[in-house]
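Reader: Before I look at any coordinates, I would like to learn how to read such a model feature by feature, with every cut-off stated. Could we take the general idea each time and then the case at hand?

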Amino acid sequence: TKYVYDFADGNKDMKDLLGGKGANLAEMTNLGLPVPPGFTITTEACRAYLRDGRQPDELAEQVSEHLSALEQTMGKRLGQSDDPLLVSVRSGAKFSMPGMMETVLNVGLNDESVHGLAEQAGSGRFAWDSYRRLIQMFGKTVLGIDGDHFEDAIDAAKSAAGVENDVDLTEEHLRALVETFKQVVRDHADRDFPQEPREQMDMAVHAVFDSWNTERAVLYRRQERIPSDLGTAVNIVAMVFGNLGMDSGTGVAFTRDPASGAQGIYGDYLQNAQGEDVVAGIRNTVPLADLEKLDKKSYDELLGIMQTLEEHYLDLCDIEFTIERGKLWMLQTRVGKRTAGAAFRIALQLVDQGLIDMDEALSRVTGAQLAQLMFPQFDAKAKRKKIAKGMNASPGAAVGKVVFDSYTAVKWSRSGEDVILVRRETNPDDLNGMIAAKGILTSRGGKTSHAAVVARGMGKTCVCGAEALDVNTKQRVLRVRQGPHGHEETIEIHEGDVISIDGTSGDVFLGEVPVVDSPVARYFEDGTLSEDDDLVVAVDRIMRHADGARRMAVRANVDTAEDAARARRYGAQGIGLCRTEHMFLGERRELVERLILADTDAESEKMLAELLPLQREDFIGIFEAMDGLPVTIRLLDPPLHEFLPNITDLSVRVAVAEARGEKRENDLRMLQAVHKLHEQNPMLGLRGVRLGVVIPGLFQMQSRAILEAAAQRIKAGGVPRVEIMVPLVANVQEFETVKHDIADVAAEVRAETGTHLEFLVGTMIELPRAALTADQIAESAEFFSFGTNDLTQTTWGFSRDDVEAAFFSAYLEKGIFGISPFETIDAPGVGELVRIGAEKGRARRDGLKLGICGEHGGDPDSVHFFEKIGLDYVSCSPFRIPVARLEAGRSML
Ligand code: PEP
Ligand code: MG
């Protein structure tokens with residue numbers, strides 16, 4: 001097996017094997033761009049290492065070959081004492097996981113080669129600083145020593161020397177620091193810092209492999225839905241130095257603004273700095289445009305390269321570069337992450353520039369991004385007190401209580417509080433808190449800082465680098481000086497105080513600012529399309545293209561006329577699920593209660609007669625809102641006890657009354673009824689079609705209300721397209737019993753109203769038995785709608801109401817599944833039952849209409865699955881309709 005690829009051997013399409021970084025370094029090398037030479041150890045080697053607990057046998061030999069070639073190119077050997085080749089050992093998985101995995105720089109330095117480096121660089125200070133960085137990084141990431149031990153040693157060295165900044169430490173100080181660091185290694189790792197360069201390199205490679213499975217990497221993958229079995233590649237790259245003086249430096253850049261999509265010069269540059277200094281946001285950077293003044297030659301070359309990359313990748317690219325004494329080197333590029341708004345804008349800009357077509361544009365946006373754009377924003381008219389401005393790192397409007405650490409963020413959010421995580425800067429250990437928070441605010445670091453990159457990836461509101469803020473984590477207070485000159489006051493914000501942050505503008509406000517709808521949501525709501533809002537224009541054009549491309553229809557799950565009208569505005573092509581139980585709440589609950597408690601037929605008929613006109617009115621409104629479009633109305637589904645008072649509350653009430661010597665007839669009767677209907681497993685009990693079989697008149701009343709409403713609409717000139725749906729059917733006889741009753745009612749209504757009523761009677765397929773006997777059911781049922789909520793519940797045997805709390809977090813943590821099967825369809829299990837049901841149903845009844853109305857109908861991945869197995873439509877809540885339309889279009893690409 002070939003485990004090692006030279007940069008010249010790979011290309012950008014080999015991400016599976018070389019990881020994103022390796023594949024793109026290879027691509028840039030082959031484009032003739034200035035990439036330091038190096039090679040990539042494949043993800044396959046990593047997987048083998050993680051599987052077997054040791055590296056594959058051939059690897060060492062292959063690495064030696066490629067290392068020799070690299071040494072030949074560079075004209076020096078790894079760690080050579082008079083002129084050492086130094087390398088960086090960098091992680092790089094298929095999908096970018098910013099800051100999640102390890103990198104070790106300056107590998108090859110030891111007690112001897114540090115002198116050679118000093119000689120070659122003409123700076124002893126530089127060499128000893130590089131050496132202490134190696135021991136520090138190696139100690140932390142390879143030997144697993146707590147980074148604080150090194151930080152403390154640096155602090156001690158600084159105070160002993162009487163200086164404030166790292167850069168003020170002299171060569172002598174750094175030499176001493178290296179000795180201290182080596183002692184730290186001895187004390188905490190029980191070994192000496194390895195002097196042998198190749199041993200350093202091999203250990204670093206293994207540490208990168210291992211970093212695939214660190215807690216934070218696992219958590220990040222789960223958040224981003226990155227498969228856990230890919231492994232990471234490792235890139236060994238000849239070191240170039242951005243910290244050789246003021247004519248050196250390092251930076252990051254984007255070919256377009258990742259927040260807005262606008263073309264221009266975006267990035268940050270830091271003079272005399274190495275490696276991750278920029279991304280870590282430790283020192284404040286200058287805007288990339290300033291590089292022109294500092295080093296015009298490198299700046300012009302960089303701009304040329306950025307142009308080349310955009311034209312080559314036909315997309316926004318982000319890059320990392322280093323300038324070593326006036327010589328520009330490209331360390332990384334990739335198709336850059338961007339905000340949801342920028343994704344839509346850039347896709348359309350590229351179309352208008354003639355670089356990509358509309359299909360390609362459609363493939364570059366996602367339903368998740370569209371959902372994000374429908375998030376609310378701050379009300380522009382509301383009063384607010386602005387206390388600071390930072391960088392608009394990730395859009396959205398977030399309001400919450402200030403917390404200063406990840407632990408508190410998680411704790412408070414678990415108890416239902418909205419929190420804003422406030423940090424000087426974030427690091428990968430803050431990930432849990434970032435996930436739990438509504439928004440993230442930092443006082444340091446640019447748009448490429450850890451906080452910004454991770455927040456954008458999660459679609460979480462983030463303002464970073466708000467320098468006016470003084471964040472004191474220990475005292476748990478945030479201070480900011482404000483007011484006109486001479487009248488400044490210091491505002492103190494304590495943990496638990498509310499602030500509002502605007503990730504679109506970068507503004508930070510004291511207190512709660514009210515939030516309003518987004519323009520994209522408004523566009524869907526009423527079709528408002530202002531030509532000068534390029535985002536709405538982009539969304540509109542891409543949505544039109546998606547609608548033209550998709551095969552599946554999109555319907556809505558709604559049960560009021562109002563929601564039906566909204567769903568229609570959002571593009572719903574009918575109702576896929578109207579849950580009639582939602583019509584029995586509120587004041588009507590009492591009627592249902594009395595129906596359940598009725599002792600005599602006469603009494604229950606009376607209650608049904610009272611419910612009938614109420615239901616009819618509901619349906620008239622819905623048919624009107626959806627005139628001309630299909631409306632699937634489902635007969636009553638939930639267990640009857642849901643309409644009765646809680647058994648414990650009622651028992652207490654009766655007991656208290658008895659103790660007082662009172663006798664409450666009604667409560668007693670009610671309690672008996674509740675006891676009678678009480679079930680150990682109500683979800684598996686008397687519900688759905690079973691109610692129709694057992695409770696006389698209930699389904700007939702509902703069917704009558706539906707059909708009378710339809711008749712009335714016809715008389716009024718409307719076009720009601722009625723589909724009556726029976727829930728929780730497991731067997732065809734159950735279905736037929738109800739279907740006969742409906743036919744009887746229909747004959748009566750036709751005669752009474754003199755209308756020629758047409759309608760379909762179909763069933764939910766939401767039990768495994770229904771899916772497996774779908775051919776028999778299709779003999780009688782005129783359409784199917786897959787209820788993937790109950791089908792997931794009954795296939796896995798997971799109670800849909802309890803699992804999330806009970807054990808899903810453990811399942812997710814252990815990777816038993818990457819995402820809840822109630823959220824994204826479990827394709828091989830539950831999905832297979834849907835496929836079987838669809839196939840058997842269609843085989844028996846030609847053109848049988850097939851839809852899905854579980855929560856999965858609005859989930860992007862699930863929509864793609866339903867397209868694959870050929871369903872006619874998906875149905876979801878109104879707010880998800882644009883997402884489903886977009887993804888149904890994307891599923892055709
Ligand atoms: C389902 O089970 O998937 C469904 C749509 O019905 P409900 O959620 O009402 O049980
Ligand atoms: Mg159901």
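**Reading a helix, its sheets and a ligand shell**

Author: In helix α20 (residues 561-569), Ala-564, Ala-567 and Arg-568 are buried, where buried means that 20 or more other C-beta atoms lie within 10 Å of the residue's own, exposed means 12 or fewer, partly exposed is in between, and C-beta atoms are placed from the backbone. Seen down the axis of α20, these buried residues fall within an arc of 100 degrees, so they line one face of the helix; the arc is that of the directions from the helix axis to the C-beta atoms. The general idea is that an α-helix has 3.6 residues a turn, so residues three or four places apart point the same way.

Reader: Which elements do the buried residues of α20 pack against, and on what conventions does the description rest?

Author: The buried residues of α20 pack against β24 (553-557), β25, α22 (601-625) and α34 (881-890), a contact being two residues whose C-beta atoms, placed from the backbone, lie within 7 Å. Just after α20, Gly-571 takes a positive phi of about 105 degrees. Helices (H or I, at least four residues) and strands (E, at least two) are DSSP runs, numbered from the N terminus. This is a predicted model, in which local features need pLDDT of at least 70 and side-chain atom pairs count only at pLDDT 80 or more, while totals for chains, interfaces and linings use all residues. Residues are numbered from 1 along each chain as its sequence is written, and chains are lettered from A and ligands numbered from 1 in the order in which they are written.

Reader: How should I read a sheet, and in what order do the strands of the open sheet with 5 strands stand?

Author: Strands of a sheet pair through backbone hydrogen bonds, either parallel or antiparallel. Here 5 strands form an open sheet with antiparallel pairing, in the order β1-β2-β5-β3-β4, and two strands are said to pair if DSSP finds at least two bridges between them. β1 (4-6) and β4 (103-107) stand at the edges, each with a single partner strand, so one side of each is left without a neighbour in the sheet. On average, neighbouring strands of this sheet are turned by 20 degrees against each other, direction ignored; axes are lines fitted to C-alpha atoms, for helices over the stretch in contact, and angles run from 0 to 180 degrees between N-to-C directions. Within the sheet, 7 bridges join β3 (residues 87-93) to the antiparallel β5 (residues 232-238), and Gly-92 stands opposite Ala-233 in β5.

Reader: Which residues of β9 lie on one side and which on the other?

Author: In a regular strand the side chains alternate between the two faces of the sheet. For β9 (residues 317-324), 8 of its 8 residues are buried, with Cys-317, Ile-319, Phe-321 and Ile-323 on one side and Asp-318, Glu-320, Thr-322 and Glu-324 on the other. Strand β6 (residues 249-256) pairs with β9 in the antiparallel sense over 6 bridges, and Val-252 has Glu-320 as its bridge partner. Antiparallel pairing also joins β9 to β10 (residues 327-335), over 8 bridges, where Glu-320 stands opposite Gln-332. β9 and β10 form a hairpin with 2 residues between them, and Arg-325 in the turn has a positive phi of about 45 degrees.

Reader: In which sense, parallel or antiparallel, do β16 and β17 pair?

Author: Strand β16 (residues 439-442) and β17 pair in the parallel sense over 3 bridges, with Gly-439 opposite Thr-461. By contrast, β13 (residues 391-394) runs antiparallel to β17 and is joined to it by 3 bridges, Asn-392 standing opposite Val-463.

Reader: Finally, which residues surround ligand 1?

Author: The shell consists of Leu-577, Arg-579, Asp-637, Glu-766, Gly-787, Thr-788, Asn-789, Asp-790, Cys-853 and Gly-854, a residue being near a molecule or strand if its C-beta atom, placed from the backbone, lies within 6 Å of it. β25 (575-579) and α30 (788-796) each supply at least two residues of this shell, and α30 gives the most, with 3 residues. The shell divides into 2 nonpolar, 4 polar and 4 charged residues, where Ala, Val, Leu, Ile, Met, Phe, Trp, Tyr, Cys and Pro count as nonpolar, Asp, Glu, Lys and Arg as charged, and the others, Gly among them, as polar.
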